[in-house]
Amino acid sequence: MNEANQKMSADDIEALLPWYAAGTLDAREADQVEAALAADAELARHLDLVREEMGEAILLNEALGVPSGRVMENLFKAIDKERRIARGPAAGHGLGGWLMDLFTPRAFAFAAGAAVVLITLQAGVIAKLMLQDRIGEPGSSPFETQSVPPAATRGIDIGSFALVRFAPQANMGDVTRFLDARGAVIVEGPRPGGPGGMYRVRVARTYVGKEELERLVREFQSSNLVSMAVPTE
Amino acid sequence: MSANLSTSDEVLIGRIAQGDRLAMQVLFARHQVRVYRFVLRLVGNQAVAEDLISEVFLDVWRQADRFEGRSAVSTWLLAIARFKALSLMRRKPDEELDEETAGAIEDRSDDPEVSVQKKDKSVALRKCLQALSPEHREVIDLVYYHEKSVQEVAQIVGIPEATVKTRMFYARKRLSELLKTAGIDRGWP
């Protein structure tokens with residue numbers, strides 16, 4: 001490899017730092033970046049700059065808020081309308097007959113019973129789908145994922161919090177010990193849509209103020225189990 | 001540490017293709033916030049963004065059977081959302097769009113110098129991020145917030161992977177320039 005190629009390689013690695021920090025490089029690229037970081041203190045400083053940018057970009061996006069319930073309502077109205085059109089009136093029966101059938105006492109009783117069964121089944125399916133989001137085997141993890149209803153974590157709304165992305169190589173046991181040692185607990189996450197999800201972590205049981213929170217976050221950030229940590233509300 | 005959400009998303013899409021309304025609810029609950037924030041950054045209006053994400057997920061309902069699994073579901077969603085948002089913006093008069101965009105997306109009322117006066121580097125950094133061009137801000141958000149790989153950004157934005165890397169580099173370079181103007185020299189690039 002000549003000198004020009006070496007320089008190009010360094011540029012390529014520099015360009016990959018944002019994806020390295022986000023945990024979205026493949027293993028081969030991540031290994032190359034890590035090797036370069038180990039050998040180049042200036043590159044490591046650049047990675048700190050990237051992490052600063054990433055933390056603020058995340059906070060900016062989090063501040064954009066959430067959509068109102070109107071969206072889901074409109075969406076499923078449209079979906080139900082399409083389903084009705086696709087099904088059409090019952091074959092050979094007509095809409096009038098279908099409506100009459102609906103209001104016979106036997107049909108009414110059957111419909112009520114079916115609704116109970118359906119609701120029960122749906123609850124089961126939702127629970128199953130939600131469990132698929134859990135990390136590791138059921139019962140093996142103290143963490144709760146994004147699928148856990150907010151009500152489940154309301155009891156620990158008080159305290160000081162950080163958004164944390166754990167390093168791809170971090171395993172469940174290490175993270176559990178790391179959090180336990182600091183009295184920290186994951187209260188929400190991972191946020192959907194990414195391979196290296198963000199977790200909302202309660203880092204202190206009480207509100208500790210900005211400076212102390214930043215110190216706690218720096219402590220998280222200094223661990224090799226954490227790829228990024230930023231204060232949050 | 002990560003939960004393998006992509007597999008679950010693909011399973012949901014398979015169920016949605018068979019008309020499973022419940023799977024649609026789960027997929028919607030899982031992705032609506034991120035898609036909304038992505039669209040809101042593009043169109044700059046909450047009501048418009050909400051209407052658009054309804055359309056995005058309605059498209060998913062209609063086209064789930066065409067999903068080939070060549071990208072993550074979240075990438076597919078963002079690509080649909082981006083296409084719809086840009087189509088809408090092209091239909092709107094330029095003046096109206098510019099006005100809304102300036103007012104709701106790129107809040108430039110407080111320039112970087114003001115942030116420095118506050119002596120808060122984080123605030124200055126956020127202000128400078130907001131001052132980036134929509135093109136630069138988009139790639140920054142996709143990489144840092146939506147956690148998209150080079151390939152995924154290329155799929156969403158519709159540009160070559162090499163251009164994704166170059167655009168991200170210049171977005172960060174511009175960010176450093178804005179910070180320098182504001183009195184914060186990061187020593188890079």
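Start by selecting Leu163(A): leaving aside neighbours within four places in sequence, it is in contact with Ile58(A), Met198(A), Arg200(A), Val230(A) and Thr232(A). Two residues are in contact if their C-beta atoms, placed from the backbone, lie within 7 Å. This is a predicted model, in which local features need pLDDT of at least 70, side-chain atom pairs count only at pLDDT 80 or more, and totals for chains, interfaces and linings use all residues. Residues are numbered from 1 along each chain as its sequence is written, and chains are lettered from A and ligands numbered from 1 in the order in which they are written.

**Strand 1 of chain A**

Leu163(A) lies in strand 1 of chain A. Is Leu163(A) buried or exposed? Leu163(A) is buried, because 22 other C-beta atoms lie within 10 Å. A residue is buried if 20 or more other C-beta atoms lie within 10 Å of its own, exposed if 12 or fewer, and partly exposed in between, with C-beta atoms placed from the backbone.

Select the strands of chain A next. Helices (H or I, at least four residues) and strands (E, at least two) are DSSP runs, numbered from the N terminus. Chain A has 8 helices and 4 strands, in the order α-α-α-α-α-α-β-α-β-β-α-β from the N terminus. An open sheet of 4 strands has the order 2-3-1-4, with antiparallel pairing. Strands pair if DSSP finds at least two bridges between them. Which strands are at the edges? Strand 2 and strand 4 (226–232) are, as each pairs on one side only. Neighbouring strands of the sheet are turned by 40 degrees against each other on average, direction ignored.

Colour strand 3 (residues 198–204) of chain A: 5 of its 7 residues are buried. Strand 1 (residues 160–166) of chain A pairs with strand 3 in the antiparallel sense over 6 bridges, and Val164(A) stands opposite Tyr199(A). Strand 2 (residues 185–188) of chain A is joined to strand 3 by 3 bridges and runs antiparallel to it. Here Ile186(A) stands opposite Val201(A), and Val185(A) is opposite Arg202(A). Helix 3 of chain A packs on the sheet and touches strand 1 and strand 4 of chain A; its direction makes about 45 degrees with that of strand 4. Axes are lines fitted to C-alpha atoms, for helices over the stretch in contact, and angles run from 0 to 180 degrees between N-to-C directions.

Move to Ala162(A). Apart from neighbours within four places in sequence, Ala162(A) is in contact with residues including Val201(A), Val217(A), Phe220(A) and Val230(A). Ala162(A) is also listed, with Val164(A), Val39(B), Ile53(B) and Ala81(B), among the residues with the most contacts inside the largest nonpolar core, which has 92 residues. Helix 2 (residues 21–43) of chain B supplies the largest share of this core, 13 residues. A nonpolar core is a set of buried Ala, Val, Leu, Ile, Met, Phe, Trp, Tyr and Cys residues joined through C-beta atoms within 7 Å.

**Where the chains meet**

Show both chains: 47 residues of chain B are in contact with 45 residues of chain A. Helix 2 of chain B gives the most to the side of chain B that touches chain A, with 13 residues. By class, that side has 25 nonpolar, 10 polar and 12 charged residues. Ala, Val, Leu, Ile, Met, Phe, Trp, Tyr, Cys and Pro count as nonpolar, Asp, Glu, Lys and Arg as charged, and the others, Gly among them, as polar.

Now select helix 3 (residues 41–62) of chain A with helix 7 of chain B: their axes come within 9 Å and cross at roughly 70 degrees. The two helices are therefore roughly perpendicular, a word used for 65 to 115 degrees. Residues making the contact include Glu56(A) and Leu60(A) on helix 3 of chain A, and Leu125(B) and Arg126(B) on helix 7 of chain B.

**Two backbone stops in chain B**

Go to Glu147(B), in the loop between helix 8 and helix 9 (150–157) of chain B. Glu147(B) has a positive phi of about 55 degrees although it is not a glycine, and is buried, with 25 other C-beta atoms within 10 Å. Finish at Pro189(B), in the segment after helix 10 of chain B. The peptide bond from Trp188(B) to Pro189(B) is cis, with omega near 0 degrees.

Conventions. Parallel < 35°, antiparallel > 145°, perpendicular 65-115°, else oblique.
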